[in-house]
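This report describes one protein chain, from its overall fold down to a single pair of residues. Please keep the sequence and the model in view while reading.

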Amino acid sequence: MALDMLTNIVLFVILLQTLSMAMAKRVSALSRGFQRQSVFLTLFTAGLAWQEASVELWIVAGLLLVVKAWLIPFLLKRICTRIKVEEELGLLVNPILSLA
């Protein structure tokens, strides 16, 4: 029962992180949001792996942590620095209106 509640909390945090990324106007905020969302997705997968006693899910959780939560944000930051991306995205449509 406690594991179900913890799972729901982690999924709720992933949803909140997705909404905050949709409203972000800076590249660094998007990158950090993606990284945090990936960490919570890793926690969810690890919890599921523990609950199901699945070696395959543990491998997926490890890959999520290394590739999605560490490698991709590192490479995005490096690429943005190299090509001199402006920090402000300058969106044409207000992100809050696009969620409606």
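Contact here means heavy atoms within 4.5 Å. The structure is a predicted model, and every value below is computed from it.

## Overall fold

The protein chain has four helices and zero strands, and, read along the sequence, these elements follow the pattern α-α-α-α. Of the chain's 100 residues, 21% count as buried. Among contacts between residues at least 6 apart in sequence, 63% join residues at least 24 apart.

## Helices α2 and α3

Two packed helices are described by the angle between their axes and the distance between the axes. For helix α2 (residues 27–52) and helix α3 (residues 55–82), the axes come within 8 Å and cross at roughly 175°. Because an angle over 145 degrees counts as roughly antiparallel, α2 is roughly antiparallel to α3. Sorted by class, the residues in the contact of α2 with α3 comprise 18 nonpolar, five polar and one charged.

## Helix α3 in detail

With 28 residues at 1.5 Å a residue, α3 should span 40 Å, and this agrees with its end C-alpha atoms, which are 39 Å apart. Along its course, α3 bends by about 30° at L71, and a proline, P73, follows within four residues.

P73 is also one of the buried residues of α3, together with A61, L64 and A69, and the buried residues of this helix pack against α2. Beyond the helix, α3 is followed by K84, whose phi is positive, near 55°.

## Q37 and its partners

Which residues does Q37 touch, leaving aside those up to four places away in sequence? Q37, which is found in helix α2, touches I14, Q17, T18 and M21 when those sequence neighbours are not counted. Buried means under 20% relative accessible area, so Q37, at 14% relative accessibility, counts as buried.

At 35% relative accessibility, T18 counts as partly exposed, whereas Q37 counts as buried. T18 and Q37 are 19 residues apart in sequence, and from C-alpha to C-alpha they are 7.3 Å apart in space.

Conventions:
Residues are numbered from 1 along each chain as its sequence is written. This is a predicted model: local features need pLDDT of at least 70, side-chain atom pairs count only at pLDDT 80 or more; totals for chains, interfaces and linings use all residues. Side-chain values use heavy atoms; hydrogens and water are left out. Axes are lines fitted to C-alpha atoms, for helices over the stretch in contact, and angles run from 0 to 180 degrees between N-to-C directions. Helices (H or I, at least four residues) and strands (E, at least two) are DSSP runs, numbered from the N terminus. Angles under 35 degrees count as roughly parallel, over 145 as roughly antiparallel, 65 to 115 as roughly perpendicular and the rest as oblique. Ala, Val, Leu, Ile, Met, Phe, Trp, Tyr, Cys and Pro count as nonpolar, Asp, Glu, Lys and Arg as charged, and the others, Gly among them, as polar. The expected span of a helix is 1.5 Å times one less than its number of residues. The bend at a residue is the angle between axes fitted to the seven residues ending there and the seven starting there. Buried means under 20% relative accessible area, exposed over 50%, partly exposed in between (1.4 Å probe, protein chains only).
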